[in-house]
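My notes follow in the order I checked them.

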Amino acid sequence: NNNNSSSSAANAVEMEILKSQNITLRAEIDAVRQLARKNDEELRTLEKQLIGAKMGWAQCEMERENAVSKQRDLKALIRRYAAKVSTMEVELENTKDRLASLTAAQQGRKKSTR
């Protein structure tokens, strides 16, 4: 019984850690999405400058390529974070299921000892 209590406590701690990591990853995803939106705006501005520019064409093209590269990198980062969140959500569900099973087993033992 003491072992189940420590196991439940460990599961609760593990679930809190997973929740905390999930919250952190979601915040990081939001921050990266915000950077991606900002980068989208910068990319649109650079594309307008490129169309209107007759001088410095090569420099504008290089800046545009840098922005596109950043955009691609940020989108890849968003995909990686989204995959991590999905994995953590599965782990959280598995932890909840294990905790529910342990709780049900403990309640079953309590009823059988009465």
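I started in helix H2 with Arg-64 and Glu-61, which sit three residues apart, about one turn of the helix. The model is predicted. I found their side chains joined in a salt bridge, 3.8 Å from N to O. I noted Arg-64 as partly exposed at 22% relative accessibility, and Glu-61 as partly exposed at 27%.

I then looked up Glu-93 and Lys-96, also both in helix H2 and three residues apart. Their closest N and O atoms are 3.6 Å apart, in a salt bridge. Glu-93 is partly exposed at 41%, and Lys-96 is partly exposed at 36%. I also traced a network: Glu-47, Glu-61, Arg-64 and Glu-65 are linked by salt bridges that share partners.

In helix H1 I checked Glu-16 and Lys-19, three residues apart, about one turn of the helix. They form a salt bridge with the closest N and O atoms 3.8 Å apart. Glu-16 has 48% relative accessibility and counts as partly exposed; Lys-19, at 33%, is partly exposed. My count for the model is seven salt bridges.

Next I looked for a positive surface patch and found one formed by Lys-75, Arg-79, Arg-80 and Lys-84. I placed Lys-75 in helix H2, residues 57–113. Lys-75 is partly exposed, at 43% relative accessibility.

Last, is Asn-22 buried or exposed? I have Asn-22 in helix H1, residues 2–52. Its relative accessibility is 8%, so Asn-22 counts as buried, the cut-off being under 20%. Beyond its neighbours within four places in sequence, I listed Val-85, Met-88, Glu-89 and Leu-92 as contacts of Asn-22.

Note on methods: Residues are numbered from 1 along each chain as its sequence is written. This is a predicted model: local features need pLDDT of at least 70, side-chain atom pairs count only at pLDDT 80 or more; totals for chains, interfaces and linings use all residues. Side-chain values use heavy atoms; hydrogens and water are left out. Helices (H or I, at least four residues) and strands (E, at least two) are DSSP runs, numbered from the N terminus. Buried means under 20% relative accessible area, exposed over 50%, partly exposed in between (1.4 Å probe, protein chains only). Contact means heavy atoms within 4.5 Å. Patches are made of residues with over 30% relative accessible area and no salt bridge: like charges are joined within 9 Å, nonpolar side chains (Val, Leu, Ile, Met, Phe, Trp, Tyr) within 5 Å. Accessible areas come from the Shrake-Rupley method with a 1.4 Å probe; for residues, only the protein chains shown count as cover. A salt bridge is a side-chain nitrogen of Lys or Arg within 4 Å of a carboxyl oxygen of Asp or Glu. Lys and Arg count as positive and Asp and Glu as negative; His and the chain ends are not counted. The place of a charge is taken as NZ of Lys, CZ of Arg, CG of Asp or CD of Glu.
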